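These entries record what I looked up on helix packing and on model confidence.

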Amino acid sequence: MSYLSVHSIAIETRPKRMELDSALEQLGHWGKFQLISYGLLCVPIVFHAVFYLTYVFTAMQVEHRCLIPECGEDPLQTEFRPPWLTSAVPFDSGRPVGCHRYEAVQGAVLPENGSCVASMFRDDVQVACTEWVYPKATLSIMSEWNMTCDGNSHWMLSLVGTINNIGRLFGMPIAGFVSDRYGRRTILLLGLGLAGVMGMLRSYATNYVFFLAFEFLDPLFNAGLYSASFILGMELMGPQKRVMWSAFTHSVYAVGEALLGGVAWALQDWRWILRAFYGPAILSLAVLWMLPESVRWLCSKGRTKEARIIIRRAAVMNKMSTKQLDLEEMKASIAEEAKAKKAFKDDDREDTPSTWWALKETFKSKVLRVRLLTCSFCWITNTFVYYGLSLNSVSVSGNLYLNFMLVCLIEVPAGLVTWMLMERVGRRMSMCASLVLTGLSCLAFLLMPDTEVWQWIRIVTYLIGKFGITVSYTVLYVLTAELFPTNVRHSLFAMCSAFGRIGSIIAPQAPLLNRILESLPVILFGTMSLISGLLALVFPETHNTKLPDTIEEAENIGKSKKKGGGADTPTANGGSGDVIVDITGDLKHPVKKTSVTARPTRISVTSMSGRPHKKTSVCSMGTVQVTVPEKGSTTPTAAQQAAPAENSSAPTSPAAEPETVTVHL
């Protein structure tokens with residue numbers, strides 16, 4: 001049992017007013033206003049999915065072979081696989097070798113029928129190509145600019161995806177700053193417009209350097225499209241529907257990726273693929289201009305008049321009376337809340353430890369250090385395998401466009417299933433099982449023969465791997481946010497996510513491993529998934545537990561309370577048993593059973609267990625329950641706790657029934 005001496009409990013009460021969450025709940029979730037807003041938000045989400053993966057087709061490896069001028073071939077108009085090709089070009093695994101051909105016999109003459117014959121070539125001597133033939137000259141920058149057989153061509157193509165992810169790495173913090181400073185709607189319109197211009201300019205690139213420069217600028221501007229759309233949608237909703245919005249946006253994103261594969265299949269021209277998406281992106285600004293700004297963001301900036309205008313418009317569109325919302329009361333509530341938070345922040349500035357100090361204290365914990373390293377590795381694995389499987393899908397036997405679309409669409413059921421798994425199985429086991437499933441699927445894929453009979457079985461196995469990594473990736477977002485203390489949660493989440501960018505940056509380089517061993521990328525995907533799946537067992541289960549506010553609570557997630565004698569240990573939800581409170585200061589008003597919610601509150605306590613008389617300032621957003629004895633009751637003091645055991649039998653006055661004060665911080 002812990003004994004705390006409270007110097008003061010300052011509880012401020014105010015009349016109940018119309019809160020923003022209450023207003024949003026009364027507006028409903030599926031009215032005309034919400035449905036139009038959600039529909040408009042789907043537009044930038046789809047474009048972001050497309051923009052992210054266009055390099056899969058603009059810089060993809062294209063099948064190619066040597067041009068045979070002795071057979072009268074024209075590089076602009078020629079058949080890729082004429083009947084005589086086996087006489088002029090060596091084959092490997094049923095495909096023409098891309099960089100060598102047979103040497104022509106000196107003085108050989110083309111027959112009158114215009115078809116080459118084997119006698120025109122020496123099949124024992126191979127020479128390097130000087131010109132190439134492709135199924136279509138404008139399939140990608142590789143085919144248009146003959147980036148084929150020199151030593152630099154392969155890494156130059158894979159560098160395109162890496163540059164794209166580096167641009168995204170720099171663009172994400174910029175987008176976050178602009179969104180918080182100037183609004184969610186602002187970053188959506190600005191990012192989509194600038195990205196559209198960069199993409200259109202890239203479609204007119206005349207050389208590799210020109211193309212690469214705009215490949216970096218495009219994600220620099222569009223990096224915040226998905227996150228801003230996601231946050232704006234969440235801020236339009238009440239608390240109970242946000243999980244549904246998360247699953248819905250993930251499915252929309254997957255449909256956008258599949259749409260890219262379908263358009264690329266239809267056009268098969270890298271310049272027109274870019275124009276087919278970036279042109280409409282610019283035109284969509286005329287429609288997205290109607291998108292409302294986030295009401296929560298407006299309120300946080302003190303722009304309550306604009307917020308009330310949007311809520312009033314939503315009420316009218318949903319055919320709801322504005323009198324039900326009491327907008328003036330809501331305005332007063334928001335203003336009072338902002339004033340209280342500012343006063344509390346100013347008053348507590350000297351007592352609140354810095355983030356750097358909090359991080360330093362966190363890193364002293366061996367438990368949290370191990371957890372952070374494990375979490376970072378899992379982030380690297382998830383991003384590497386998630387994007388690697390998408391990129392590698394165009395190399396799997398069969399129709400590369402269809403394979404890409406299927407690999408993207410498998411994310412739709414995966415995203416919808418994830419939340420059900422987390423609720424029924426828990427975070428840790430969901431992540432462990434999904435990663436092991438991915439690893440086993442990748443390794444099983446390699447054991448299947450690459451024949452026409454096994455083609456669809458191989459594709460289904462590959463899709464199961466992508467399903468598993470999608471589930472794991474989604475769980476990882478939730479699990480990471482639940483593992484660390486409140487005062488460093490965002491910092492450590494960002495640190496893990498930053499490590500995860502390593503995986504997405506190196507994923508485009510995975511195809512280079514095909515030059516060493518064709519199956520090496522998939523071996524790497526499977527091995528890393530299995531290792532991360534086993535490491536996931538290191539994490540504590542966070543399902544149905546309170547978010548930890550302190551280092552001690554974070555360390556004790558998942559630990560059960562000690563049985564028998566001894567001190568109480570924090571429970572899985574971060575609690576530490578009953579707290580008996582001794583009122584040592586003079587209170588102007590008697591303490592009653594009260595509940596104070598959703599406002600900054602301070603409690604100054606004096607600890608009398610472990611470290612006597614150490615003054616502590618508790619300042620956080622959470623819930624504190626204190627048991628306060630009625631007037632006339634007695635509570636142990638420090639001296640009484642240290643008294644000899646024989647004094648324990650001395651008579652004491654009967655204790656009155658204590659009252660509980662619940663303070664929501």
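I took contact to mean heavy atoms within 4.5 Å. Helices (H or I, at least four residues) and strands (E, at least two) are DSSP runs, numbered from the N terminus.

The model is predicted: local features need pLDDT of at least 70, side-chain atom pairs count only at pLDDT 80 or more, and totals for chains, interfaces and linings use all residues. Residues are numbered from 1 along each chain as its sequence is written, and side-chain values use heavy atoms, without hydrogens or water.

Entry 1, H6 and H8. I looked up which residues of H6 (residues 153-182) meet H8 (residues 208-222). On the H6 side I noted, among them, Met-156, Ile-163, Arg-168 and Ile-174; the H8 residues include Tyr-208, Phe-211, Glu-215 and Asn-222. By class, this contact has 13 nonpolar, four polar and two charged residues.

From H2 (residues 32-53), Leu-41, Pro-44, Phe-47 and Phe-51 meet Leu-188, Leu-192 and Ala-195 of H7.

I read pLDDT as the predictor's confidence in each residue, from 0 to 100. The chain has a mean of 75, with 72% of its residues at 70 or more. Helix H11 (residues 270-283) is highest, at 96, and strand S11 (residues 614-618) lowest, at a mean of 35. Over residues 561-665 pLDDT stays under 50, and the model has 174 contacts beyond four places in sequence for them. Where pLDDT is low, the predicted coordinates should not be read in detail.

Note on methods. Axes fitted to C-alpha atoms, helices over the stretch in contact; angles between N-to-C directions. Nonpolar A, V, L, I, M, F, W, Y, C, P; charged D, E, K, R; others polar.
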